[in-house]
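Hello,

Here is the structure I promised to pass on to you. Please have a look at it first, and then read my notes below.

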Amino acid sequence: MRPRAGSMAAGALRPGEFLIETLIRVLGFSTVGFVLLIFLFLAREGIPAFFEVPASNLFGQRWYPTYGMFGTLPLLLGSILVTVFAVLIALPLGVATAVFVREVAPRWAREVLKPLIEVLAGIPSVVLGFFGMTLLAPFVREVLGAPTGLTAFTGALLLAYMSLPTMISVADDALDAVPRSYRDASLAMGATHWQTIWRVVVPAARSGVLTAVMLGMGRAIGETMAVMMVTGNAARLPRGLDALFRPVRTMTATIAAEMGEVARGSAHFHALFAIGIVLFVLTFLINLAAARSIFARRRRGGLR
Amino acid sequence: MNRRLVQRLGFILLGLVALIVVLPILLVVGAIVVRGIGAINWEFLSSMPRAGMKEGGILPAIVGTLMLTLGTALAAVPIGVGGAIYLAEYARDTALTRAIRLAILNLAGVPSIVYGLFGLGIFVLFLRFGTSVLAGSLTLAIMTLPVIISTAEEALRSVPADFRTVSASLGGTRWQAIRAIVLPQALPGIITGIILGLLRAAGETAPILFTAAAFFLPRIPRSPFEQTMALPYHLYVISTQVPGMPARVQYGTALVLLALVLSLNVVASLIRRRFRRKRQW
């Protein structure tokens with residue numbers, strides 16, 4: 001607890017200061033207000049969809065809004081397909097890079113790697129999408145021999161790279177939090193540095209690695225522009241694993257692509273907001289789970 | 001010594017993975033610089049687009065992005081820094097404080113396209129700002145808040161508690177301590193956070209899709225109630241919506257956007273580095 005300076009000099013509180021402190025309090029609470037507003041306005045425009053469109057249609061397999069078919073299943077599965085594969089690609093790369101940077105790399109390599117990863121975090125998603133369209137997609141097409149390079153796989157690859165900075169930095173923090181004594185004890189018992197890393201340090205940091213996966217997943221499922229530009233945007237139900245190498249359509253891309261052309265107040269308009277509600281709730285749950293594992297790690301006394 | 005060999009091979013493997021992670025970053029930046037640099041000249045940066053955006057420059061997109069970023073700063077900086085002061089200096093561990101932290105966590109995780117929907121619902125339609133610089137800036141500002149609040153709070157917390165105690169012992173009020181001592185000490189950290197938040201806003205497309213961005217509008221907006229072109233959206237338009245677009249113009253636009261964002265990134269890390277070196281506590 002920091003010393004409460006104000007209470008010592010409470011008598012000297014000037015009228016101007018009272019105003020400023022009240023303002024600061026209001027600003028402090030404002031974030032709660034913004035979250036409520038977001039939910040309120042998504043609900044205001046999205047809830048009507050559940051009355052205008054029968055549930056069997058809304059949870060159906062066909063998304064053809066011009067024919068009144070609002071089946072969100074292909075979009076939901078499209079998002080899940082791309083996100084899951086992005087995480088599967090990013091997890092080994094992210095953990096290995098974090099281990100390399102924190103435990104193995106010489107100082108010069110660390111000084112080069114960290115700023116480069118920061119650069120990746122700063123590249124706008126539309127620029128990565130543009131790169132994906134013009135250079136990555138033709139490459140994927142050639143390698144796979146597929147009719148098009150704009151596939152779920154291309155999207156997953158791009159998303160994996162976009163979630164790497166988050167994953168690496170969270171995993172890096174988790175490795176940093178493993179006490180030095182763990183390493184010393186392992187090395188003193190004759191284990192090599194390599195064995196210490198994989199049998200002591202990484203297992204001790206596993207909750208942090210889980211957090212990294214969660215945050216990476218939250219980032220991937222909400223990503224819009226890059227995904228829209230490289231996945232080919234076909235709202236087809238992904239069936240089986242070969243769907244990975246076909247075009248898909250995610251929830252985010254659907255909103256971005258269709259909202260501009262839709263009549264305000266129509267069932268289509270409301271359905272797009274309803275998809276927004278699903279995204280809002282989904283990312284909130286993922287981030288909440290990530291935060292819980294951070295708190296759980298703090299509570300466990302052993303670390304730090 | 002078999003395990004020594006395993007270790008050596010393992011370390012080499014880890015190094016290779018790190019290389020796999022880093023090389024595409026160099027590839028992306030390199031490809032855009034090499035292919036885009038030829039398009040960059042004074043005309044490209046300072047004139048209006050012509051001939052269906054295939055010729056001429058991207059001035060309105062550049063100015064639009066600068067206006068949106070300025071608007072974002074005007075709205076997000078006071079709210080974000082104020083919120084950070086509250087959390088770092090006033091808030092105690094109550095249920096309300098935990099609700100604020102949960103809200104910030106939630107705001108940080110909301111997908112950018114959902115911010116776009118929210119901005120459309122509240123600013124464009126409900127408050128009747130229309131598709132405008134104002135609506136886009138406010139949408140981007142709320143998206144930027146969590147970045148500014150968390151970095152500013154961290155900067156404020158890194159100022160030692162002793163500084164506040166000394167101020168109080170001299171008869172200063174809490175606000176006097178914050179204004180005269182804590183804020184100036186934390187300023188470089190706060191500015192770094194603001195830049196990081198703003199560069200994210202400058203590069204975002206999804207939140208401005210339905211709140212501010214114009215497909216083609218070859219003039220500079222004269223008031224915050226007009227819509228505008230913007231660099232990220234322009235790049236999206238010319239790479240997906242306009243057939244037969246010369247690659248030179250696409251890469252040139254991508255390069256301008258990338259240069260804007262990365263140079264802000266460099267400024268932020270320079271401030272941070274300088275600050276760390278000068279700090280005496």
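Predicted model: local features only at pLDDT ≥ 70, side-chain atom pairs only at ≥ 80, totals over all residues.

Residues are numbered from 1 along each chain as its sequence is written, and chains are lettered from A and ligands numbered from 1 in the order in which they are written.

Between the chains, 73 residues of chain A are in contact with 76 residues of chain B (C-beta atoms, placed from the backbone, within 7 Å). On the chain A side, helix H2 (residues 15–46) gives the largest share, 20 residues. Helices here are DSSP runs of H or I with at least four residues, numbered from the N terminus.

Next, have a look at helix H8 of chain A, residues 152–176. Its 25 residues reach 35 Å from first C-alpha to last, close to the 36 Å expected (1.5 Å times one less than the number of residues). Of these 25 residues, 22 are buried, so H8(A) is largely enclosed by the rest of the structure. Buried means that 20 or more other C-beta atoms, placed from the backbone, lie within 10 Å of a residue's own.

Finally, B:His234 lies in helix H9 (residues 231–241) of chain B. B:His234 is buried, with 29 other C-beta atoms within 10 Å. Leaving out residues up to four places away in sequence, B:His234 touches B:Ile58, B:Ala61, B:Met229 and B:Thr253.

Best wishes

Note on methods: Helix = DSSP H or I, 4+ residues; strand = E, 2+ residues; numbered from the N terminus. Buried ≥ 20, exposed ≤ 12 C-beta atoms within 10 Å, placed from the backbone. Contact = placed C-beta atoms within 7 Å.
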